[in-house]
Amino acid sequence: MVAAGGDGTVNEVVNGLSKEATLGVIPLGTANVFAREIGLPMKPDEVCERIRDGKVSRIDVGVATDHEGTERRFTCMAGMGFDAHVVNEVTPRLKRYLKILAFPLAAFKVYLEGDLPNLHVVRGDTTYVTQFAIVANGHYYGGDFRVTDSSTLTTGSLEVVLVDRVGRLLRADVLTRILAKKPLDRSMRSFAAEELRAKSPGAQVPVQIDGEIWGRLPMSFRIEPAALKVVC
């Protein structure tokens, strides 16, 4: 099965694939995080050759489960709080005209509005309190910015990056790291986990999965090792 589109399209296809199916991707979206993650070229003619001649590999997928027990698979990441608000602000029209610049502009707008509630991220017996959390299955985030060094689609675990205060993302040292495409987890708290839970008592906190809004907290997350066959 070949998905031609962006990360949202890939996510829709992944959530409809049988276990026996193999996924190919033609990156036609705004950020194309998953295509970058598996090393695909961005030109359609070159990627079609890769789909025809490339090797098949198995990769991990993440699974989010909402409070009603509904599950959603993800290939790249889930984001809770700040970035989900940003995704909600980026309309198709804004993406069409501004491309990848739509996201930092929306992020600045959400930041200025303020009033972001705390999230409680729970791993085992430990609870972390933060304003923004990324549950990453791979390196990249929002294009070719690197959110972590350690998660590579085949580690058998998720990398959780915590941003205690969203204002830190606007600091000169952190912005320099982002612009240099270096991992955020060197300046933010992070840990690996096979499963975790997240909630935000008394607040309605949205969750984005692979760049599309999907529900609100509370939610749990887990890894399914080597669950998806892809051409890369």
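Here is a short chat about a cavity, an aromatic pair and some backbone details in a predicted model.

Colleague: Before we start, what kind of model is this?
Modeller: A predicted one, where local features need pLDDT of at least 70 and side-chain atom pairs count only at pLDDT 80 or more, while totals for chains, interfaces and linings use all residues. Residues are numbered from 1 along each chain as its sequence is written, and side-chain values use heavy atoms, with hydrogens and water left out.

Colleague: Okay, how many cavities of 30 Å³ or more are there?
Modeller: One. A cavity here is a set of points on a 1 Å grid over the protein atoms alone where a 1.4 Å probe fits but cannot get out.

Colleague: How much space lies in the largest cavity?
Modeller: About 30 Å³, where volume is the space filled by probe spheres set on the points, joined across faces, edges and corners.

Colleague: And which residues line it?
Modeller: G5, G6, D7, V10, V25, P27, N32, F34 and A35; lining residues have an atom within 4 Å of a point. At least two lining residues come from each of α1 (7-14), β2 (22-27) and α2 (33-37). Those labels are DSSP runs numbered from the N terminus, with helices (H or I) of at least four residues and strands (E) of at least two.

Colleague: You mentioned N32. Where is that one?
Modeller: N32 is in the loop between β2 and α2. Its phi is near 55°, a positive value in a residue other than glycine.

Colleague: Why is N32 called buried?
Modeller: Because its relative accessible area is 7%, and buried means under 20% (exposed is over 50%, partly exposed in between, with a 1.4 Å probe and protein chains only).

Colleague: What about the phi of D210?
Modeller: Also a positive value, near 50°. D210 sits in the loop between β14 (206-209) and β15, and counts as buried at 3% relative accessibility. Most residues other than glycine have a negative phi.

Colleague: New topic: how many aromatic pairs does the structure hold?
Modeller: Two. One of them is Y128 with F191, stacked at 4.6 Å centre to centre and 15° between the planes. Y128 is in strand β7 (residues 126-130) and F191 in strand β12 (residues 189-193), 63 residues apart, so the pair links distant parts of the chain. Rings of Phe, Tyr and Trp (its six-membered ring) pair if their centres lie within 6.5 Å; planes under 30 degrees apart are stacked, over 60 edge-to-face, and the rest tilted.

Colleague: Are Y128 and F191 buried or exposed?
Modeller: Both are buried.

Colleague: Last one: which peptide bond is cis, with omega near 10°?
Modeller: The bond from L217 to P218. P218 is in the loop between β15 (212-216) and β16 (219-231).

How values were computed. 1 Å grid on protein atoms, 1.4 Å probe; cavity = no way out; pocket = protein on both sides within 12 Å on 5 of 7 lines; lining within 4 Å.
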